[in-house]
Amino acid sequence: MARKTDIPPSYYGEPRKFDPSFRGPIHNRGCTDVVCCVIFVIFILGYIALGTVAWIHGDPRKVVYPTDSHGQFCGQQGTPNANKAILFYFNILQCANPAVLINLQCPTTQLCVSKCPDRFATYLDMQYNYRYNNSYWEYYRQFCKPGFDNPRKSVAQVLRDEDCPSMIVPSRPFLQRCFPDFITRNGTLTVANKTVFKDGLGKTRSVIDLRDAANGITSLLDAKEVGMKIFEDYANSWYWILIGLVITMVVSLAFILLLRFTAGVLLWLIIFGVIAVVGYGIWHCYWEFSTLRGKPHGDGDVTISDIGFQTDFRVYLQLSQTWLIFMISLSVIEAVIIIILIFLRRRVRIAIALLKEGSRAIGYIMSTLFYPIVTFVLLAICIAYWAVTAVFLASSGDAVYKVMSTQDKCMYANLTCDPETFSQTNVTKVCPGSQCTFAFYGGESLYHRYIFVLQLGNLLVFLWLVNFTIALGQCTLAGAFASYYWALRKPQDIPSCPLFSSFSRAVRYHTGSLAFGSLILAVVQMFRIVLEYLDHKLKGAHNAFARFLICCLKCCFWCLEHFIKFMNRNAYIMIAIYGKNFCTSAKDAFFLLMRNVVRVAVLDKVTDFLLFLGKVLISGSVGVLAFFFFTRKIPVIQEEVPSLNYYWVPLLTVIFGSYLIAHGFFNVYAMCVDTLFLCFLVDLEVNNGSAARPFYMSSTLRQILNKKNSKRRKDEIAGEDEKRGTYTG
């Protein structure tokens, strides 16, 4: 007998939750959330204006090209540095860490050069050898300031004015900068087969000093070599990677279509598999308990309270009481699972039937499987525009120069200066060896002072657009699948081009509603990003309360974000069906789900687990096939396998790409099942199976719920078909 939750509320005198005359996606609908739509359009126009302003003021060359001490780009065409694309540091020992190097904040002269030095040399040795051979100076002068041509100038004056470096070391370019050429031989770090060198100031230094000054550079250089090999592997195997991804597409499509016939088998196998695993755990715990209890004067008589707290968990495994607790816990879990299956068996059957119905719907509307390509293209555009705008904003401004001093107590250190008039000031007298060098790009105008705020605005609108793109895809797919559900005779009554019609309705009438829901989610995500930033900044702080508060806020906003995503998804489905505004649709969806909370929980978990299983199964199967192929373990085609440096490069690419492709296909399937589920709940509340209000659910679902549609005359069916022609669209 049907339960009360399966009978329309009107049978019990309760007010109806939906219009009883409803028969499917509304065709004649009006625009919703117009105010939010207008605000959304204004923000998009403002975003375009922000990108234009950033493009006018920004200069991405500041990011692409390294900059010398005078703010000139290395390698820029049309400048004296056109053939000097590499940045050279006069004294790399003054650079404390690689982050300082990359940020161009090293307190030493930086010069653009055409190539890095390939030998150890000092200015003092060069000046001595210059008397006998001019070639020493010709080589050394290319690392001196342009225009300096006085090798007879005293060493003290040259080093004071920083006309030339005190030393040069064998280097090679990385990130367009000269870094020492470290090589490890027999476990010893060397540079050009040397472990010590002269620093040009009368001291003998160890190569370890160079390593400390450029800590991490060795690994970066090794990473570059690995990167080149990886690039070669991609160049040799891209064709086979593409074949693997195509196989994934075919298998994903076949898996979704086969779910129509195998969903029930898979689900029951999983359920009984879990029951069997838990049952084995109970038996194993009982066996361990009996074994320990049977030992004479053993540890079986010792209790957990006797040994107290132990960091080694293996100690507890020697106690019979531990296994007794495990056995009782697993027994409770087993009993709960069995009881749930007994009392929720019909809801599990409903979930299986909806999964099968989802496969059938996709089979009739195959175009939905390719809609994720549209979403991917729109997301790529959003990400590209945000990245370009962020780069132009970051590179806005004029060159700012600061006093760089090698002395720790220099009172002028880090103060702004003018390189044109710096030599006329007394800074060099107070702080000998200090220089006015380029620091970064910035400015004092209103625009430059609010660059950070503009970057936050860029991020917020980017999140808004990304969420809107996803929302548009969800609403479009929901409208297409809803038109399938509300077709009484399938596939005859399914409207032509349901995906395009749904997309047109979403863009024409519900842009404001989709923008409203996307904005709420974007604001929450923005708060999460700010909290992550604060958490990163407070990692080194000793304020435990502040870190605890940030952690709690992060947890709360994480939960809030996932709840909003869940509600937005169902609100978009209701918008696609009824054409109401966002708040009304969200409210209707929420109360509809709450009235069927048990069914929601069962279907959600069943669908998530089955789809996750499908993703892992597909990506894992294709990954195993790729492993056997790239390791030449398939005799038939082993001669076709390309020569690779690292076989795991194409292998991981195939596995990761396969998972993404399967995720894209299965997201469509999940949206299909969610839409059919909401339509099914509406169908139960609106219709009663009579000739005037027949159920639109499949015959399988009607059998599970003991529902029947009354027999109708042909003229009634024809009349309803004519009415449906006004709303299916």
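How many of the 35 residues of H15 are buried? The count is 27 of 35, so that H15 is mostly covered, where buried means under 20% relative accessible area, exposed over 50% and partly exposed in between (1.4 Å probe, protein chains only).

## Model and overall make-up

This is a predicted model, in which local features need pLDDT of at least 70, side-chain atom pairs count only at pLDDT 80 or more, and totals for chains, interfaces and linings use all residues. Residues are numbered from 1 along each chain as its sequence is written, and side-chain values use heavy atoms, with hydrogens and water left out.

The protein has 23 helices and 12 strands; helices (H or I, at least four residues) and strands (E, at least two) are DSSP runs numbered from the N terminus. Of its 729 residues, 44% count as buried. Among contacts with a separation of 6 or more, 72% join residues 24 or more positions apart, contact meaning heavy atoms within 4.5 Å.

## Helices H15 and H16

Helix H15 covers residues 451–485 and reaches 51 Å from its first C-alpha to its last, close to the 51 Å expected for its 35 residues. The expected span is 1.5 Å times one less than the number of residues. Helix H16, residues 498–509, has 12 residues and reaches 16 Å, close to the expected 16 Å.

In H16 the buried residues are Pro498, Leu499, Ser501, Ser502, Arg505, Ala506 and Tyr509. They lie on the same side of H16 because they cover an arc of only 165° around the axis, the arc being that of the directions from the helix axis to the C-beta atoms. Phe500 and Arg508 are exposed on the other side of H16. An α-helix has 3.6 residues a turn, so residues three or four places apart point the same way.

## Residues around H16

Phenylalanine 503 lies in helix H16 and is partly exposed, with a relative accessible area of 28%. Leaving out residues up to four places away in sequence, phenylalanine 503 touches Tyr371, Leu472 and Thr476. The C-alpha atoms of phenylalanine 503 and threonine 476 are separated by 4.8 Å, although the two are 27 residues apart along the chain.

Cysteine 497 is in the loop between H15 and H16 and counts as exposed at 53% relative accessibility. Cysteine 497 has a positive phi of about 50° although it is not a glycine. Aspartate 33, in the segment before helix H1 (34–57), also has a positive phi, near 50°.

## The largest pocket

The largest pocket holds about 1700 Å³ of space. Of the 50 residues that line the largest pocket, the closest to its centre are Ile470, Gln474, Arg569, His663 and Asn667. On a 1 Å grid over the protein atoms alone, a pocket is an open set of points with protein on both sides within 12 Å along at least five of seven lines, a cavity is a set where a 1.4 Å probe fits but cannot get out, and lining residues have an atom within 4 Å of a point. Grid points are joined across faces, edges and corners, and a volume is the space filled by probe spheres set on the points.

At least two lining residues come from each of H12 (371–394), H15, H17 (511–537), H18 (544–578), H20 (597–630) and H21 (648–686). H21 supplies the largest share, 12 residues. The lining of the largest pocket has 30 nonpolar, 14 polar and 6 charged residues; Ala, Val, Leu, Ile, Met, Phe, Trp, Tyr, Cys and Pro count as nonpolar, Asp, Glu, Lys and Arg as charged, and the others, Gly among them, as polar.

Arginine 569 lies in helix H18 and is buried, with a relative accessible area of 18%. Apart from neighbours within four places in sequence, arginine 569 is in contact with Gln474, Asn667, Ala670, Met671 and Asp674.

## Cavities

There are 2 cavities of 30 Å³ or more. The largest cavity holds about 100 Å³, and the residues that line the largest cavity include Phe88, Phe90, Met167 and Cys178. Strands E1 (86–89), E4 (167–168) and E6 (177–180) each give two or more residues to this lining, which divides into 10 nonpolar, 2 polar and no charged residues.

The second largest cavity has a volume of about 30 Å³. Arg29, Cys475, Gly479, Ser502, Arg505, Ala506, His510 and Ala576 line the second largest cavity. H15 and H16 are the elements that give two or more residues to this lining, and H16 gives the most, with 3. By class, the lining of the second largest cavity has 3 nonpolar, 3 polar and 2 charged residues.
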